[in-house]
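Hi,

Here is the structure I promised to pass along.

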Amino acid sequence: MYFEIGNFVENLKHMGVGMLTIFIVIGVIMTVTALLNKIFSK
């Protein structure tokens, strides 16, 4: 098995973008859920 540190460091950027996207999507889902709770709890 061959490990090249340059490729690993380059892939960290892609993994970081993926993680950021996941957190943004979770935040949007939480915000929509909270808004729907406020709207329909009256």
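Below is what came out of the analysis, going from the whole chain to single residues.

Please keep in mind that this is a predicted model. The C-alpha trace spans about 60 × 15 × 5 Å along its principal axes. Of the 42 residues in the protein chain, 0% are buried. The chain exposes about 4200 Å², and 75% of that area is supplied by carbon and sulfur atoms.

On the surface there is a nonpolar patch made of Leu20, Ile24, Val28, Val32, Leu35, Leu36, Ile39 and Phe40. Together these residues have about 810 Å² of accessible area. One of them, Val28, sits in helix 1, which covers residues 5–40. Val28 counts as partly exposed because its relative accessibility is 48%, and that class lies between the 20% limit for buried and the 50% limit for exposed.

Then there are the aromatic rings. The structure holds one aromatic pair. Its members are Phe3 and Phe8, with ring centres 6.0 Å apart and planes at 45°, so the pair is tilted. Are these two side chains buried, partly exposed or exposed? Phe3 has a relative accessibility of 59% and therefore counts as exposed, whereas Phe8, with a relative accessible area of 38%, is partly exposed.

Best wishes

Methods: Residues numbered from 1 in each chain as written. Predicted model: local features only at pLDDT ≥ 70, side-chain atom pairs only at ≥ 80, totals over all residues. Heavy atoms only, no water. Patch = residues over 30% accessible without salt bridge, like charges linked within 9 Å, V, L, I, M, F, W, Y side chains within 5 Å. Areas by Shrake-Rupley, 256 points an atom, 1.4 Å probe, with all protein chains shown as cover. Salt bridge = Lys/Arg side-chain N within 4 Å of Asp/Glu carboxyl O. Helix = DSSP H or I, 4+ residues; strand = E, 2+ residues; numbered from the N terminus. Buried < 20%, exposed > 50% of the residue type's maximum accessible area, 1.4 Å probe, protein only. Phe/Tyr/Trp six-rings, centres within 6.5 Å; stacked < 30°, edge-to-face > 60°.
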